[in-house]
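Morning, everyone. I have one structure to go through, so let me put it up.

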Amino acid sequence: MAERQFALTAPQLVLDADGDTRVMNPGRTYHVGRDPASEIVLSDPRVSWHHAVLHVGDGHWMLDDVGSTNGTYTGGHRVAHLDVGPGSELRFGSPADGPRCTLQALPPPAP
């Protein structure tokens, strides 16, 4: 139960994965990879079948590379674990031209 309580303090995020946009709920875990069963499917051959996981812990979003072959990058640097949030930009498989995901804050509801 405590983990779910932490999850509720993290914000919803909007993820844009090369034009595919979705709202990410902090109560869920999102698997990134070429596996069609992943929540975020990236078909680029440089992306591993099971590449990374986006999840909430301690009240904030985190990304964990799960041993991918070609790596996960931010700002040109390979990362294994990274705290992420609005404004984060990630590349999978190549720091220069791998599939790109950006995270943004959920816009406020219209009045």
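From the N terminus on, the order of elements is α-β-β-β-β-β-β-β-β-β-β-β. That comes to one helix and eleven strands; both are DSSP runs numbered from the N terminus, with helices being H or I of at least four residues and strands E of at least two.

This is a predicted model: local features need pLDDT of at least 70, side-chain atom pairs count only at pLDDT 80 or more, and totals for chains, interfaces and linings use all residues. Residues are numbered from 1 along each chain as its sequence is written, and side-chain values use heavy atoms, with hydrogens and water left out.

On overall dimensions, the C-alpha trace spans about 40 × 35 × 25 Å along its principal axes. Of the 111 residues, 43% count as buried, meaning under 20% relative accessible area with a 1.4 Å probe, protein chains only.

Now the inside. The largest nonpolar core has 22 residues, and those touching the most other members are Leu 15, Ile 40, Leu 54, Trp 61, Leu 63, Val 84 and Phe 92. Such a core is a set of buried Ala, Val, Leu, Ile, Met, Phe, Trp, Tyr and Cys residues joined through side-chain atoms within 4.5 Å. At least two core residues each come from β1 (13-17), β3 (30-33), β5 (52-57), β6 (60-65), β9 (81-84), β10 (89-92) and β11 (100-105).

Take Leu 63. Leaving out residues up to four places away in sequence, its contacts include Leu 54, Thr 72, Val 79, His 81, Leu 90 and Phe 92, where contact means heavy atoms within 4.5 Å.

Note on methods: Buried means under 20% relative accessible area, exposed over 50%, partly exposed in between (1.4 Å probe, protein chains only).
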